[in-house]
Amino acid sequence: MQPVNETDIEWDDYEGVEGEFKQKQLGGTAGSEQLGCSLYELPAGCQPWSYHYHAANEEALYVLSGTGTLRLGSETYELQEGDYVPCPTDESGAHCVVNDSDSTLRYLAVSTMREPDVTVHPDIGKVGVYVGAPPGSDDDRAISEFYDHASGAESEEP
(Lines give C-alpha, C1' and ligand atoms only; values in the text may rest on other atoms or scores of the structure.)
Protein backbone atom coordinates (compact mmCIF):
# COMPACT_ATOMS: atom_id res chain seq x y z
CA MET A 1 0.00 0.00 0.00
CA GLN A 2 1.12 3.50 -0.77
CA PRO A 3 -0.40 6.92 -1.43
CA VAL A 4 -1.79 7.45 -4.90
CA ASN A 5 -2.63 10.71 -6.63
CA GLU A 6 -5.85 10.68 -8.60
CA THR A 7 -4.16 12.51 -11.49
CA ASP A 8 -1.99 9.38 -12.00
CA ILE A 9 -5.07 7.13 -12.45
CA GLU A 10 -6.81 6.75 -15.81
CA TRP A 11 -10.55 7.34 -16.06
CA ASP A 12 -12.84 4.40 -16.79
CA ASP A 13 -15.83 5.35 -18.96
CA TYR A 14 -19.27 3.82 -18.35
CA GLU A 15 -22.72 4.04 -19.86
CA GLY A 16 -25.19 5.07 -17.16
CA VAL A 17 -28.96 4.95 -16.96
CA GLU A 18 -28.83 8.40 -18.60
CA GLY A 19 -25.62 9.36 -20.36
CA GLU A 20 -21.99 8.40 -19.91
CA PHE A 21 -19.91 9.01 -16.80
CA LYS A 22 -16.32 8.57 -15.61
CA GLN A 23 -14.90 6.72 -12.62
CA LYS A 24 -11.46 6.34 -11.01
CA GLN A 25 -11.06 3.56 -8.44
CA LEU A 26 -8.88 5.15 -5.79
CA GLY A 27 -9.22 2.52 -3.07
CA GLY A 28 -8.26 -0.49 -5.16
CA THR A 29 -5.42 1.36 -6.85
CA ALA A 30 -3.96 2.27 -3.45
CA GLY A 31 -4.25 -1.34 -2.26
CA SER A 32 -7.27 -1.02 0.01
CA GLU A 33 -9.03 -4.35 0.58
CA GLN A 34 -11.93 -3.55 2.91
CA LEU A 35 -12.75 0.04 2.02
CA GLY A 36 -13.59 1.15 -1.50
CA CYS A 37 -13.30 4.71 -2.74
CA SER A 38 -14.09 5.95 -6.23
CA LEU A 39 -14.04 9.37 -7.81
CA TYR A 40 -16.95 10.06 -10.17
CA GLU A 41 -17.47 12.73 -12.79
CA LEU A 42 -20.99 13.13 -14.12
CA PRO A 43 -21.55 15.49 -17.03
CA ALA A 44 -24.75 17.54 -17.26
CA GLY A 45 -27.84 15.34 -17.56
CA CYS A 46 -26.16 12.14 -16.33
CA GLN A 47 -27.68 9.53 -14.01
CA PRO A 48 -25.19 6.70 -13.47
CA TRP A 49 -27.43 4.12 -11.73
CA SER A 50 -31.05 3.48 -11.01
CA TYR A 51 -32.40 4.10 -7.50
CA HIS A 52 -30.90 1.30 -5.37
CA TYR A 53 -29.48 0.12 -2.07
CA HIS A 54 -26.95 -2.51 -1.02
CA ALA A 55 -27.81 -5.32 1.38
CA ALA A 56 -24.20 -5.83 2.55
CA ASN A 57 -22.25 -2.64 1.84
CA GLU A 58 -22.71 0.74 3.43
CA GLU A 59 -21.88 3.67 1.15
CA ALA A 60 -21.23 7.37 1.62
CA LEU A 61 -21.03 10.18 -0.92
CA TYR A 62 -19.01 13.38 -0.63
CA VAL A 63 -19.52 16.14 -3.20
CA LEU A 64 -16.27 17.74 -4.33
CA SER A 65 -17.69 20.18 -6.89
CA GLY A 66 -20.82 20.92 -8.86
CA THR A 67 -24.47 20.44 -8.02
CA GLY A 68 -27.12 17.81 -8.59
CA THR A 69 -30.08 16.05 -7.09
CA LEU A 70 -30.08 13.14 -4.67
CA ARG A 71 -33.01 10.86 -4.04
CA LEU A 72 -32.39 9.25 -0.65
CA GLY A 73 -35.06 7.03 0.85
CA SER A 74 -38.36 8.87 0.45
CA GLU A 75 -36.77 12.35 0.23
CA THR A 76 -35.15 14.41 -2.52
CA TYR A 77 -32.25 16.77 -1.80
CA GLU A 78 -30.21 19.30 -3.74
CA LEU A 79 -26.52 18.37 -3.68
CA GLN A 80 -23.73 20.92 -3.56
CA GLU A 81 -20.01 21.11 -2.86
CA GLY A 82 -19.17 19.89 0.64
CA ASP A 83 -22.28 17.72 1.11
CA TYR A 84 -21.73 14.34 2.80
CA VAL A 85 -24.40 11.63 2.50
CA PRO A 86 -24.42 8.27 4.35
CA CYS A 87 -26.30 5.40 2.67
CA PRO A 88 -27.04 2.56 5.15
CA THR A 89 -27.46 -1.09 4.13
CA ASP A 90 -31.23 -1.16 4.05
CA GLU A 91 -34.15 0.56 2.31
CA SER A 92 -33.42 3.81 4.17
CA GLY A 93 -30.10 3.95 2.28
CA ALA A 94 -31.65 3.62 -1.17
CA HIS A 95 -30.23 6.39 -3.32
CA CYS A 96 -29.88 7.82 -6.79
CA VAL A 97 -27.69 10.74 -7.91
CA VAL A 98 -28.63 12.84 -10.95
CA ASN A 99 -26.64 15.69 -12.40
CA ASP A 100 -29.51 17.93 -13.44
CA SER A 101 -27.23 20.99 -13.62
CA ASP A 102 -25.41 22.54 -16.58
CA SER A 103 -21.91 21.72 -15.27
CA THR A 104 -19.92 18.66 -14.19
CA LEU A 105 -20.68 17.02 -10.83
CA ARG A 106 -17.65 15.44 -9.08
CA TYR A 107 -18.01 13.31 -5.97
CA LEU A 108 -16.35 10.56 -3.98
CA ALA A 109 -18.18 7.35 -3.20
CA VAL A 110 -16.77 5.41 -0.24
CA SER A 111 -18.03 1.97 0.75
CA THR A 112 -17.33 -1.15 2.70
CA MET A 113 -16.24 -4.04 0.46
CA ARG A 114 -18.21 -7.01 1.78
CA GLU A 115 -18.91 -9.96 -0.44
CA PRO A 116 -21.35 -11.38 -1.40
CA ASP A 117 -23.64 -8.41 -1.93
CA VAL A 118 -27.11 -7.84 -3.30
CA THR A 119 -28.34 -4.54 -4.71
CA VAL A 120 -32.06 -3.90 -4.71
CA HIS A 121 -33.48 -1.60 -7.43
CA PRO A 122 -37.11 -0.99 -6.38
CA ASP A 123 -38.13 1.30 -9.26
CA ILE A 124 -37.17 -1.20 -11.97
CA GLY A 125 -38.01 -4.43 -10.12
CA LYS A 126 -34.47 -5.85 -10.28
CA VAL A 127 -31.87 -7.21 -7.88
CA GLY A 128 -28.14 -7.43 -8.57
CA VAL A 129 -26.18 -10.35 -7.16
CA TYR A 130 -22.39 -10.14 -6.74
CA VAL A 131 -20.43 -13.23 -5.63
CA GLY A 132 -16.65 -13.58 -5.70
CA ALA A 133 -15.85 -9.87 -5.43
CA PRO A 134 -17.81 -6.94 -4.00
CA PRO A 135 -19.26 -4.11 -6.10
CA GLY A 136 -16.50 -1.66 -6.95
CA SER A 137 -13.84 -4.37 -7.20
CA ASP A 138 -11.97 -5.26 -10.39
CA ASP A 139 -11.59 -8.87 -9.25
CA ASP A 140 -13.33 -11.65 -11.17
CA ARG A 141 -16.76 -12.67 -9.93
CA ALA A 142 -18.46 -16.05 -10.04
CA ILE A 143 -21.81 -14.21 -10.30
CA SER A 144 -22.50 -10.63 -11.36
CA GLU A 145 -26.06 -10.59 -12.65
CA PHE A 146 -29.33 -8.71 -12.52
CA TYR A 147 -32.53 -10.65 -11.89
CA ASP A 148 -36.21 -9.77 -11.96
CA HIS A 149 -37.67 -9.15 -8.53
CA ALA A 150 -41.34 -8.75 -7.72
CA SER A 151 -41.32 -6.27 -4.82
CA GLY A 152 -43.32 -7.62 -1.92
CA ALA A 153 -43.75 -11.07 -3.47
CA GLU A 154 -43.78 -13.90 -0.98
CA SER A 155 -41.92 -17.12 -1.65
CA GLU A 156 -43.53 -20.46 -0.92
CA GLU A 157 -42.04 -22.61 1.83
CA PRO A 158 -40.71 -26.00 0.57
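User: Which residues does UniProt list for "domain: Cupin type-2"?

Analyst: In an unreviewed entry, UniProt lists residues 40–110 for "domain: Cupin type-2"; UniProt positions are given here in the numbering used for this chain, feature names are shortened, and annotations may be inferred rather than shown by experiment. The model is predicted: local features need pLDDT of at least 70, side-chain atom pairs count only at pLDDT 80 or more, and totals for chains, interfaces and linings use all residues. Residues are numbered from 1 along each chain as its sequence is written, and side-chain values use heavy atoms, with hydrogens and water left out.

Helices (H or I, at least four residues) and strands (E, at least two) are DSSP runs, numbered from the N terminus.

Two residues illustrate this part. Leu70 belongs to strand 6, residues 68–72. With a relative accessible area of 2%, Leu70 is buried; buried means under 20%, exposed over 50%, and partly exposed in between, with a 1.4 Å probe and protein chains only. Beyond residues up to four places away in sequence, Leu70 touches Leu61, Glu75, Thr76, Tyr77, Leu79, Val85, His95, Cys96 and Val97, where contact means heavy atoms within 4.5 Å. Val110 is 40 residues from Leu70 in sequence, and their C-alpha atoms are 16 Å apart.

Ala44 lies in the loop between strand 3 (35–42) and strand 4 (53–54). Its relative accessibility is 45%, so Ala44 counts as partly exposed. Apart from neighbours within four places in sequence, Ala44 is in contact with Asn99, Ser101, Asp102 and Ser103. The C-alpha atoms of Ala44 and Phe21, 23 residues apart along the chain, are separated by 9.8 Å.

As for the whole chain, the protein has one helix and 13 strands. Its radius of gyration is 16 Å, close to the 15 Å that the globule rule gives for 158 residues, so the protein is as compact as a globular protein of that length. That radius is taken over C-alpha atoms, and the rule is 2.2 Å times the number of residues to the power 0.38. Of the 158 residues, 39% count as buried. Among contacts between residues at least 6 apart in sequence, 55% join residues at least 24 apart.
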